[in-house]
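The exercises below are to be worked with the sequence and the 3D model in view. Each task is followed by a solution in steps.

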Number of protein chains: 2
Amino acid sequence: MDYANMHDDLRLHEQTSLVDKAETELLDFFQEQQYKTGDVIPKEVELAVQLGVSRTVIREALQRLRMRGMVETKKKRGTVITNPDLLSLLEKTMYPGILADETLRDIFELRLVLEIGMGDLLFERITQRDIDELYAIVADEPVNTEEMIFNADQEVRFHGKLYEITGNHTLMRFQQMLLPTFEYVHKSGLLKKQVQHKKFVSHRGLVDILQHGTAETFRNAMRNHFENHFQRLF
Amino acid sequence: MDYANMHDDLRLHEQTSLVDKAETELLDFFQEQQYKTGDVIPKEVELAVQLGVSRTVIREALQRLRMRGMVETKKKRGTVITNPDLLSLLEKTMYPGILADETLRDIFELRLVLEIGMGDLLFERITQRDIDELYAIVADEPVNTEEMIFNADQEVRFHGKLYEITGNHTLMRFQQMLLPTFEYVHKSGLLKKQVQHKKFVSHRGLVDILQHGTAETFRNAMRNHFENHFQRLF
DNA sequence: CGCACTATTAAGTTATACATAATATGGATT
DNA sequence: AATCCATATTATGTATAACTTAATAGTGCG
């Protein structure tokens with residue numbers, strides 16, 4: 001290939017690499033072709049010819065899309081369009097060890113915000129079956145919340161079930177990512193020391209409200225349930 | 001099928017590519033070497049030799065780390081470790097056209113959940129200066145909310161300011177990502193038709209509450225503010 | 001008809017060469 | 001000696017070709 005001509009239309013895109021360009025051009029191409037999930041896209045060499053770049057560039061661009069779950073490749077069958085999973089790659093980057101302290105704290109707060117705000121979704125979609133299940137989960141909790149011992153497994157089951165009830169899969173995925181980080185921060189030295197346990201709304205109390213209350217009362221109850229966490233933040 | 005002979009290299013025969021392995025090996029290597037932000041990592045060819053793969057594989061692995069914001073490369077200077085930005089890559093995946101309808105709806109809901117739930121963060125961190133600024137933003141809004149005309153720019157400024165007040169940068173980044181998708185869904189045919197405008201809490205009303213109210217009243221007000229959106233969902 | 005063999009295909013991988021841009025080196029001029 | 005310009009060096013960016021592997025299709029044989 002003639003390298004002298006390579007930069008003809010590249011002068012405007014100064015610091016963007018060919019891979020960057022190829023990536024967006026591929027996405028545009030897919031959209032233009034109205035590809036749907038499961039459709040097979042042209043071979044790497046064909047794409048290379050079509051975009052006027054080497055197969056190396058195409059491969060690195062596809063590599064990016066692949067890791068975002070936008071495409072999937074199998075030998076011989078080629079590369080197919082897939083439904084991108086927004087959060088799968090976020091998960092990989094979520095190693096608490098490498099995140100900045102501020103980001104960790106942000107995530108801690110994020111969880112509290114989500115669970116307080118999800119009240120309306122819960123009341124819209126919850127069924128009696130869900131409520132029964134929640135009661136079963138909290139069955140072995142002590143009635144007196146002051147004696148409540150923090151049980152990580154219990155926490156995950158209860159709050160995980162809440163996310164599930166929202167029927168919002170993106171939200172559920174979020175929880176799966178946020179929770180480990182939340183626990184990490186909870187146990188780290190990032191926040192103030194654990195304050196004195198006061199009476200707060202228990203898991204059982206939350207279920208009672210889901211049974212008899214409203215979205216509004218639930219929000220307040222969840223806020224109260226998180227009181228200890230909030231006191232460590234503020 | 002003969003399972004007896006499979007056990008030997010069963011693990012190698014998994015569908016993990018060399019790039020997958022190289023990616024994790026690189027991360028392990030970085031951690032092992034205790035690289036900090038700004039540190040320069042070995043050249044591509046050296047890494048290739050060290051991991052016993054070709055430079056292509058190394059490049060595609062680095063490509064992944066690069067797009068996650070974990071490394072950054074400059075010509076001649078080499079590749080350096082950087083602080084990963086959790087959301088930068090999410091942003092690129094947020095091509096509304098490619099996302100499944102369900103995911104789009106999820107994101108629509110997510111925004112509502114976030115803004116209702118962020119009340120406590122707001123009241124903890126808001127200043128009089130912030131409130132003044134919010135009043136300035138809503139200054140040109142009609143008092144009678146029924147005459148309120150949807151103004152996208154106004155929406156972004158007001159709600160963006162709220163996210164800013166939380167002081168949670170991750171949350172702010174989220175809003176920047178969610179908003180375009182939210183608008184896309186709002187205008188798409190994914191939801192029920194716009195219902196009749198009823199009286200709802202206006203932006204100005206929300207600011208009044210931030211000035212004189214509590215986190216609890218704010219949550220309820222924000223829920224009411226979004227009433228139209230919720231009616232389109234349920 | 002059914003089974004096994006092989007031929008083909010497309011991605012996975014390797015190797016090499018060259019381009020580009022930033023940096024370092026070295027020497028010439030003043 | 002200090003400044004400046006040309007050149008060499010270096011590491012990433014890009015291109016190309018060749019080879020490997022696994023899945024599929026096709027073919028031929030029984």
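Two strands pair if DSSP finds at least two bridges between them. Helices (H or I, at least four residues) and strands (E, at least two) are DSSP runs, numbered from the N terminus. This is a predicted model, in which local features need pLDDT of at least 70, side-chain atom pairs count only at pLDDT 80 or more, and totals for chains, interfaces and linings use all residues. Residues are numbered from 1 along each chain as its sequence is written, while chains are lettered from A and ligands numbered from 1 in the order in which they are written.

**Exercise 1. Find the order of the strands in the sheet of chain A, and its edge strands.**

Step 1. Start with β1(A) and β3(A), residues 78-81: two bridges join them in the antiparallel sense. One residue to look up is A:Ile41, whose bridge partner in β3(A) is A:Thr79.

Step 2. Go on to β2(A), which is antiparallel to β3(A) and joined to it by four bridges. Here A:Glu72 is opposite A:Val80, and A:Thr73 is opposite A:Thr79.

Step 3. Inspect the hairpin of β2(A) and β3(A). Three residues lie between its strands, and A:Lys76 has a positive phi near 65°.

**Exercise 2. Describe the sheet of chain B.**

Step 1. In chain B, three strands form an open antiparallel sheet in the order β1-β3-β2. Because β1 (40-41) and β2 (71-74) of chain B each have a single partner strand, one side of each is left without a neighbour in the sheet.

Step 2. β2(B) and β3(B), residues 78-81, run antiparallel with four bridges; B:Val71 is opposite B:Ile81.

Step 3. α3(B) lies across β2 and β3 of chain B, at about 115° to β2(B).

**Exercise 3. How do the axes of α10(A) and α11(A) cross, and which residues make the contact?**

Step 1. The axes of α10 (residues 203-212) and α11 (residues 215-225) of chain A come within 10 Å and cross at roughly 175°.

Step 2. The two helices are therefore roughly antiparallel (under 35 degrees is roughly parallel, over 145 roughly antiparallel, 65 to 115 roughly perpendicular, the rest oblique).

Step 3. α10(A) contributes A:Gly205, A:Leu206, A:Ile209 and A:Leu210, and α11(A) contributes A:Thr217, A:Phe218, A:Ala221, A:Met222 and A:His225.

Step 4. By class, six of these residues are nonpolar, three polar and none charged (Ala, Val, Leu, Ile, Met, Phe, Trp, Tyr, Cys and Pro count as nonpolar, Asp, Glu, Lys and Arg as charged, and the others, Gly among them, as polar).

**Exercise 4. What rotation superposes chain B on chain A?**

Step 1. The rotation is 180°, with 0.6 Å of shift along its axis and an RMSD of 0.8 Å.

Step 2. In chain B, the C-alpha nearest the axis belongs to B:Gly117, 1.9 Å away.

Step 3. Between the chains, 41 residues of chain B contact 41 residues of chain A. On the chain B side, α5(B) gives the largest share, ten residues.

Terms used
Least-squares fit on C-alpha atoms with pLDDT ≥ 70 in both. Contact = placed C-beta atoms within 7 Å. Axes fitted to C-alpha atoms, helices over the stretch in contact; angles between N-to-C directions.
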